[in-house]
Amino acid sequence: MTSEEKIKEFLQGQSRARKLPVPKITKIFVASTRTDFVEERRHLLEMVGPELQSHYDDMGLEIELVDMHYGTTVDPCYDAELFVDHLHELGECHRVSMGCFFICLVGDKYQPYVLPLTLEKDSFQSISTKANCNGLNSELLDTWYTSHDQENYVLQQPRDITCEEWLVTQKELGSIIQSSAQELATNEIDSSTALIYHALAWSALERQFNHALGLTPGTAHHILAVVRDWEGLEEKHADYQDLDNEGHIDTKQKEQLKTFRNRLATSLPNDNRIYFSRRIVANLLSDATSQLDMTSPELLPLQYYWDVYVLDGPRSQPIFLPSLHGHYVPWKTGGLDSDNEEHEAYLNQFREELISKIQILIDKNMLDEPEIKARNKYVQEVFKEVTCHLAMEQEHRSQQKDNIIDWSSSPILERICNSMLNSYETDSGNRHGPLIMHGAHGSGKTSLLSEIFNKCDKWFNSTVFRVIRFSGTTPRSSYNLELLRLICEQICMLFRPSEGYLPKDASFDPLYVNNWFQTLIRRFEDSLNNEMLVIFIDDIHRLNPLDSDIVAALSWLPISLPRNVHVLVTTSLPLESLKLTPVQRERFKNADCYIELPSPSEVSLEARVEDQLQGLENEFGFLAISKLAGFLTCTEFGLSETELLELLMPTSNSAATLSLQAGHFNFSTLCAAKRRMNYYYYYYYYYYYYYYFYYYYYYHY
């Protein structure tokens, strides 16, 4: 399907047919153990990210790297609930990111282990029995895991996960579950059950990798892995290797790490793996060259351990091995030191390799999924506005399970359906008015409008063109004139999709745009193509008037429509408060034009918002939440996540702790706050919460 055909679909309101364009962003989740790869993660945030951003600035692509360890005091893996938030954020990176969405850094350390938030009854009982047989403290399981439904056991971790007592308990509890699960997996005959126990034995890093790998088929091509070995690493350095209780190398964890590395090798394409290890390089080269003539000049690079092309037989097609580097990393007390010449060489190669591979993945993604662009600038202007509102409608639809009111089989929806059908099936000489749905905040106006939008094309035996706008959610939908002008342009393009030009006498004069809209409505009335036009405008009262408005700001809203044109609007203001002419106000009072939605039967929207904000304050603190809410409310159309991070997350000192008590967020706490606020309201907060945020934080306190 060509770009023109896709654009035509969107202009017609066919949002279900194709995937909507998304903001251009590459958001990469960086995973590693907390104490290892500290310097590498700093280079990713401070050097790799900015360099990629400068490269893609002209293309309008935003680069964001997410490091959940940045600015934290304790490893987030000790918080099982927070770890689930991290996995959710990893899924969001996959959903929105172009090219690469996950980087896995693997060193000599496999731990830490994350306690499972829930355990199925059978798994819990098997682990408890196995722990008891092995002489482990199985009573800890009964102490910290409780069952309320007799099906699942839920972890009851303390609110303060930084206390020393919990850190010790967490480590012992994790050791019991992990070792028991490993033994159960080894002895289990049923493969599916064995897989469950294997998963329960995985470390936090492997769980993140597994989650990324299993999001959708083909995600392996969008994941990068870096494997690094310390040369001459001494024992008793718990930050860089796994030690047992006696301070010696933990052989079980070392075996788990080996299995994980093998899994990386078999799961990811060769191009997506980078190795900084003399031992691994030697093993790979030994396997690759065991049957080759090493005197061949094409194989000369092998002796330098650089990127290697191996010929499968003389003069055959080359096969690309993973990136293999001679920059091995010698151990120095204290870890990486950028002043050390060998370490500096490694870090330079680390940055260059990742920048190169991320660019390759992004460029390939852009080539495989090119941005939809119209050749005409007027069409492109309308197309961007249309896709923005279609995306909002899709977001409303995806959140329908959270709606308090279900309109799918309501009498009001049936009434609207019958009204539209009766208007369409009557003689062409009969006309009808627009449909105005009035209801208080939280009465379900937007949900009802979305329900009609998605069902109306099935009500009629004709082609239905749908135009939808959510007033006040974009700059172009905030003012009467601009909203109406772009709707007129969109309708024009429905008549002439191949052209989409403005009329030669086009003007920004309100009277001209008003007449233009009425003319286009009449054109649909005269259409013989069995086509229908349905216009949806949510929260019409939020439209701002202009000083140049000659009459009432909403005077363009027709009082009479042909059978094949319908206009449906919602408002939280009564007719008397809308900027209508006296003739409009009198006409719209009729029962065929005006529907009063029932007031919310449950707690008011204001009370629900206050309860949610109070819950956020209890978890994240008043100062942090008030800053977040304050930044959101002082912007008319919201902020991107990157902009919020720049405001809420100081970056002057990469080693500093960012505490909520000081009003600072880091990647970890912001991702948790987003999830608590509900993803939908986080991005479209202004749609319902704008005035309540303002009231709550600027008047309530």
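User: Why is I487 called buried?

Analyst: I487 has a relative accessible area of 1%. Buried means under 20%, exposed means over 50%, and partly exposed is in between (1.4 Å probe, protein chains only). At 1%, I487 is therefore buried. I487 sits in helix α15, residues 480-495. Helices (H or I, at least four residues) and strands (E, at least two) are DSSP runs, numbered from the N terminus. The C-alpha atoms of I487 and I535 are 8.8 Å apart, and the two residues are 48 residues apart along the chain.

User: What kind of model is this, and how are residues numbered?

Analyst: This is a predicted model, where local features need pLDDT of at least 70 and side-chain atom pairs count only at pLDDT 80 or more, while totals for chains, interfaces and linings use all residues. Residues are numbered from 1 along each chain as its sequence is written, and side-chain values use heavy atoms, with hydrogens and water left out.

User: How do you know whether F102 is buried or exposed?

Analyst: F102 has 0% relative accessibility, so it counts as buried. F102 lies in strand β3. The C-alpha atoms of F102 and I223 are separated by 5.0 Å. Along the chain, these two residues are 121 residues apart.

User: How many disulfides does the structure hold?

Analyst: The structure holds 0 disulfides. A disulfide is a pair of cysteine sulfur atoms within 2.5 Å. Take C417: the nearest cysteine sulfur is that of C456, 9.7 Å away. That is not within 2.5 Å, so C417 is in no disulfide. C417 is buried, at 14% relative accessible area. C104 is buried too, at 0%.

User: What makes K455 and E451 a salt bridge?

Analyst: A salt bridge is a side-chain nitrogen of Lys or Arg within 4 Å of a carboxyl oxygen of Asp or Glu. The closest N and O atoms of K455 and E451 are 3.0 Å apart, so the pair qualifies. Both residues lie in helix α14, residues 445-459. They are 4 residues apart, about one turn of the helix. K455 is partly exposed, at 25%. E451 is buried, at 10%.

User: Why does the pair D457 and K458 count as a salt bridge?

Analyst: The N to O distance is 3.9 Å. The limit is within 4 Å, so D457 and K458 pass. D457 is partly exposed at 24% relative accessibility. K458 is exposed, at 58%.

User: Which parts does the salt bridge of E619 and R676 tie together?

Analyst: The closest N and O atoms of E619 and R676 are 3.2 Å apart. E619 lies in helix α18 (residues 605-620) and R676 in helix α21 (residues 667-677), so the pair ties together parts 57 residues apart in sequence. E619 is partly exposed, at 35%. R676 counts as partly exposed as well, at 29%.

User: How many salt bridges does a search of the whole structure find?

Analyst: The search finds 26 salt bridges. Salt bridges also link E381, R476, E482, R485 and E489 in a network.

User: What makes the patch of D337, D339, E341, E342 and E344 negative?

Analyst: Asp and Glu count as negative, Lys and Arg as positive, while His and the chain ends are not counted. D337, D339, E341, E342 and E344 are Asp and Glu residues, so their patch is negative. Patch residues have over 30% relative accessible area and no salt bridge, with like charges joined within 9 Å. E344 has 40% relative accessibility, so it is over 30% and counts as partly exposed. E344 is found in helix α11, residues 341-368.

User: Where is P112, and what is the peptide bond from Q111 to P112 like?

Analyst: P112 is in the loop between β3 (102-106) and β4 (118-120). The bond from Q111 to P112 is cis, with omega near 20 degrees.

Methods. Patch = residues over 30% accessible without salt bridge, like charges linked within 9 Å, V, L, I, M, F, W, Y side chains within 5 Å. Areas by Shrake-Rupley, 256 points an atom, 1.4 Å probe, with all protein chains shown as cover. Charge placed at Lys NZ, Arg CZ, Asp CG, Glu CD.
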